[in-house]
Amino acid sequence: LRDNRIQLERSTPNELTISISDVVLSDEGEYTCSIFTMPVRTAKALVTVLGIPQKPQIFGHEQPIDEEKIARLTCRSSGSKPAAQLRWKKGNKELQDEGTEVVEDPNGKTFTVSSRVEFRVTKEDNEAEVTCTVDHESLQNSERSTTQKLQVHYKPTAKIEPHPQYPREGEKLQLQCDGQGNPIPQEFLWEKEGSDAPLQLSSDSVLIFPFLNKSDSGTYVCTATSSMGSVVAKYNLDVSGKQGHRAPGITQLLPASIPAASPHEGAHRSREGCGRRRALWHRADASPVPSTSSTYHAVIGGVVAVIVFLLLSLLIVLGHYLIRHKGTYLTHEAKGSDDAPDADTAIINAEGGQASGDDKKEYFI
């Protein structure tokens with residue numbers, strides 16, 4: 001035996017046994033056993049060596065796929081003999097391949113098998129697992145497979161969440177523009193319906209009201225932008241004591257076919273005038289300036305209340321003074337007339353009579 005891998009295991013007049021270790025493809029062939037008797041007897045055996053397929057590889061998933069586009073994936077496995085079989089799964093669902101190609105390897109003994117699959121992707125396919133499995137008789141009860149996750153780009157969505165949930169006048173309020181998508185929106189434009197100047201344009205999705213007042217009531221619009229397009233979300237803020245609420249409906253503004261323009265749409269809207277642009281960046285801290293009308297009303301009301309209080313106090317003091325000094329006042333113009341039987345006698349009996357009229361005095365307090 002010239003090959004050290006081949007060993008003689010047993011030799012008897014009736015039996016000859018050999019073993020081959022580390023079997024390779026070249027060991028395949030016809031083996032002959034001869035017993036040198038008279039006559040010589042021979043027996044032949046055909047040995048077939050199976051080529052174990054390599055672990056499959058998936059191609060075509062390297063770049064993200066836009067939603068509603070066709071995904072084209074290829075699975076390839078080499079080194080199988082005979083040619084292996086490939087099958088596909090997306091999650092738990094079987095996928096039907098578009099065709100299988102078998103090519104002989106350069107060694108002339110094994111084969112490379114390729115399988116292609118195509119399917120339309122949606123945003124639900126983002127992070128979905130696609131598995132390619134190779135089936136071959138050499139693997140017996142085991143299997144070899146490869147799994148890859150899909151990356152699907154889809155249009156963003158947005159909604160506005162207030163913090164606190166029920167804002168009140170005088171409190172601090174934060175409006176959170178929650179943008180979802182792949183990729184995630186990186187630019188947020190805040191506006192108030194009826195106002196010409198934008199409130200904020202930045203990567204910060206939060207609009208802050210440090211001190212709420214009734215003038216802040218209105219509909220606020222958040223435009224969230226990613227490379228796949230833009231969407232808007234609305235929130236109706238009512239500071240009169242009623243609960244704010246999200247306005248229904250999210251509207252697609254920009255299609256994914258012009259992603260280069262969508263991140264700067266908000267900036268173009270703010271370039272209508274130099275003054276408007278300055279207002280945009282001046283308010284980039286997302287802090288709307290509270291109105292001072294409530295303060296003016298409070299001051300005027302306080303002054304009026306003080307004046308009314310002083311007038312009431314003066315009337316009370318004056319009335320009290322008049323009540324205390326009310327009474328009967330006595331004069332000396334008719335002294336001695338109390339006992340006169342008639343008016344003429346009273347005049348005659350009056351002290352000093354007609355002549356002393358100049359001496360009459362009257363006192364009034």
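Two strands count as paired if DSSP finds at least two bridges between them. The exercises below apply this to a predicted model.

**Exercise 1. Find how E10 and E11 are connected, and which residue in E11 is the bridge partner of Gly-99.**

Solution. 
- Locate the strands. E10 covers residues 99-104 and E11 covers residues 111-120.
- Pick out the partner. Gly-99 is bridged to Arg-116 in E11.
- Inspect the connection. E10 and E11 form a hairpin with six residues between them. Gly-108 sits in that turn, with a positive phi of about 75°.

**Exercise 2. Give the order of the strands in the open sheet of four strands, and say why one side of each edge strand lacks a neighbour.**

Solution. 
- Read the order. It is E6-E14-E15-E18, and the pairing is mixed.
- Take the edges. Strand E6 (65-66) and E18 each have a single partner strand, so one side of each has no neighbour in the sheet.
- Check one contact. E6 and strand E14 (residues 152-163) run parallel and are joined by two bridges.
- Name a residue pair there. Asp-66 stands opposite His-153 in E14.

**Exercise 3. Describe the largest pocket: how much space lies in it, and which elements line it?**

Solution. 
- Start with volume. The largest pocket holds about 280 Å³ of space.
- Go to the lining. It has 15 residues, and those closest to the pocket centre are Leu-16, Ile-18, Tyr-31, Thr-32 and Cys-33.
- Assign elements. Strands E2 (15-20), E3 (29-35) and E4 (41-47) each give two or more residues to the lining. E2 supplies the largest share, five residues.
- The lining divides into ten nonpolar, four polar and one charged.
- Relate two of the lining strands. E3 and E4 run antiparallel, with seven bridges. A hairpin joins them through five residues. Within this pairing, Glu-30 has Leu-46 in E4 as its bridge partner.

**Exercise 4. Classify the geometry of the aromatic pair formed by Phe-209 and Tyr-220.**

Solution. 
- Count first. There is one aromatic pair.
- The ring centres of Phe-209 and Tyr-220 lie 5.2 Å apart and the planes meet at 85°, so the pair is edge-to-face. The cut-offs are centres within 6.5 Å and planes over 60 degrees apart.
- Phe-209 is in strand E18 (residues 206-209) and Tyr-220 in strand E19 (residues 218-226), eleven residues apart.
- Phe-209 and Tyr-220 are both buried.

**Exercise 5. What is the secondary structure over residues 296-323?**

Solution. 
- Consult the record. The unreviewed UniProt entry places a "transmembrane region" at residues 296-323.
- Compare the model. Those residues are 100% helix and 0% strand, with end C-alpha atoms 42 Å apart.

Notes: Residues numbered from 1 in each chain as written. Predicted model: local features only at pLDDT ≥ 70, side-chain atom pairs only at ≥ 80, totals over all residues. Heavy atoms only, no water. UniProt positions renumbered as here; feature names shortened; annotations may be inferred. Phe/Tyr/Trp six-rings, centres within 6.5 Å; stacked < 30°, edge-to-face > 60°. Buried < 20%, exposed > 50% of the residue type's maximum accessible area, 1.4 Å probe, protein only. 1 Å grid on protein atoms, 1.4 Å probe; cavity = no way out; pocket = protein on both sides within 12 Å on 5 of 7 lines; lining within 4 Å. Points joined across faces, edges and corners; volume = space filled by probe spheres on them. Nonpolar A, V, L, I, M, F, W, Y, C, P; charged D, E, K, R; others polar.
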